[in-house]
Amino acid sequence: MRPAALLFAALFIAGAVAHPAAYLQFSADGNGQAKALRWTTSPIRWYASNHGADGVTATQFQAAVGRAFDTWQAIPTAMVGFTFAGFTSAAPFDEDGQSVLGFAEEPDMDRVLGATTFVMDAVTGELIESDIFFNAIFPWSTSEAGAAGRFDLQSVATHEIGHFVGLGHSALGETELRPSGGRRVIASGAVMFPVAFGAGITADRVLQPDDIAGVSDLYPEAGFHQKSGSLSGRVLLNGRPVFGAHVIAFDLQTNELVAGFTLNAQGEFVISGLKPGPHVIRVEPLDDADLESFFDASQAVDINFTPVFYPRIVAVPAGGGAPRFDVTVTSK
Amino acid sequence: MNRLRGLLAIALLGVPHLALAQDTGFMHRLEVSAGGGYFTGTSFGNASATLRANGQAQPYALFTTESALTGSLAGDFTLGARINRRWSVDGHFLYSRPSLETSVRDDAEGAAAITVVERIDQFLIDAGVLFRIDEMRIKRLTPYAAGGAGYLRQLHEGYALIDQGHLYHLGGGVTRDLVMRTHGIVRAAGLRADARMYFLAGGVVNDRTARHGSFTASLFVRF
């Protein structure tokens, strides 16, 4: 298998529980209540490691990662800011109070391009430190046009910075299994999709509506929640709730896709940050990436049902939620 | 209600009418009409829910949709004021309840094709001018041309979402005087048939302009 998988940072969040409104958003169990992980200060200071990698100097690394931060910072509906604090000799994953991004050689993680870790307040969900490492066992590029056979650092950094701010993985994508193991992306609708496109491709430098809705919901610009809306409901299979169903909302006016999951024992989902307008709802099993990319391995995700469309158009209002609805799915 | 309507019709028909209205020289300024008819639907065309395809310029279609606003019965009300023999200004209200229907098909993972629907409460409020074409008058049938502009309001099912827009219309029709009087509050009554082409901008279709037709018949009373 070619190294195309991005490690999901939830692996590093012991005891994390699902936040009821999510794209996915990371969350912490604050005294029995799910709290979204988020930074409470802005701009967020980040350091670049002063170690480069094959084909990428520390300066090139800092510039590419800086462009990725700029991409998230430029979203008009979100208020999240970053500032480069300088180069450091500290390594990513050191708990040192500094958010460090840099290369590290991790030959054991031969399918992981990069990963993000957090230090957080487990009660409030406040992020205190977040580090990102890029696996130096792979060939990297910071070329503007991308380079054949090399992974685009800016694209992967854009994905990891999504984790850095508190977003989990999106399931908006289609994959196929490789004969040699692992998955190949056929198509992706979000930078936060857990499987990367592949070497030489720079597509993930550009955020998609699902990414933008997620970060805007976490760090809303003033008035965002008044201008956007949400939809919510349950997914049921033979009358019982389904955990981990992927719920996709298609905006009939903008043709944008934003998605969420059923995230509790009641099979409930909430998708926030939607543009007001009529939406088509599609529910599918979570079968295009490893389940561990989205949920804790101990959580029983039901994928034994067929994709289905909800038979009514759902009108999402501005500043509120559409009436709740149930989607019934059938077993495969 | 039905009884009231019956009494009104009897009262109007019982009033002696004048044979040649245009020769009497009197002109009453206010006219109200109420009736109903049909507001046609329109297709909004196809759209695809797409993902970025790996290594291909063409996006990957997760599924495709085809949306339309269906035709529906409509009720309308007009308040007009005559400026002179040929020209009037009209304020017009039309209500209809079409459905927004979206056919979903070609799902990449085999979800069954389906038509998803939503009921819309649609209000058209407009103002315009009406020009009587006396040269084409046939007995008591007076043709007219009309045009105007106004406001579109569409309430989605559950009334949580309101889409707004604006509209233009062009059309025409005929009026037929049934009764006319030279005295009293009610000076005339008759029938009106109206056909219009509407251009709706905004609303459910957002940044596109949709064409609709309306065909209505109404009873008018002139004061």
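Predicted model: local features only at pLDDT ≥ 70, side-chain atom pairs only at ≥ 80, totals over all residues.
The contact between the chains involves 29 residues of chain B and 35 residues of chain A. On the chain B side, two or more residues each come from β2 (42-53), β3 (60-69), β6 (99-105) and β7 (114-132). The largest contribution is that of β2(B), with five residues. By residue class, the side of chain B that touches chain A divides into 16 nonpolar, eight polar and five charged residues.

Chain A itself is divided into domain 1 (17-215) and domain 2 (222-329). The centres of these domains, taken over C-alpha atoms, are separated by 24 Å. Contacts between them link 24 residues of domain 1 with 21 residues of domain 2. In domain 1 of chain A, β10 (173-177) and α3 are the elements that give two or more residues to the side touching domain 2; α3(A) gives the most, with four residues. The residues on this side of domain 1 comprise 12 nonpolar, nine polar and three charged.

Helix α1 of chain A (residues 58-73) has 16 residues and reaches 22 Å from its first C-alpha to its last, close to the 22 Å expected at 1.5 Å a residue. Buried residues in α1(A) are Phe61(A), Gln62(A), Ala64(A), Val65(A), Ala68(A), Phe69(A), Thr71(A) and Trp72(A). The cover over these buried residues includes strands β3 (44-49), β4 (82-88) and β5 (100-104) of chain A, together with helices α2 (153-164) and α3 (209-218) of chain A.

Methods: Residues numbered from 1 in each chain as written. Chains lettered and ligands numbered in written order. Contact = placed C-beta atoms within 7 Å. Nonpolar A, V, L, I, M, F, W, Y, C, P; charged D, E, K, R; others polar. Expected span 1.5 Å × (residues − 1). Buried ≥ 20, exposed ≤ 12 C-beta atoms within 10 Å, placed from the backbone. Domains from an automatic or database assignment.
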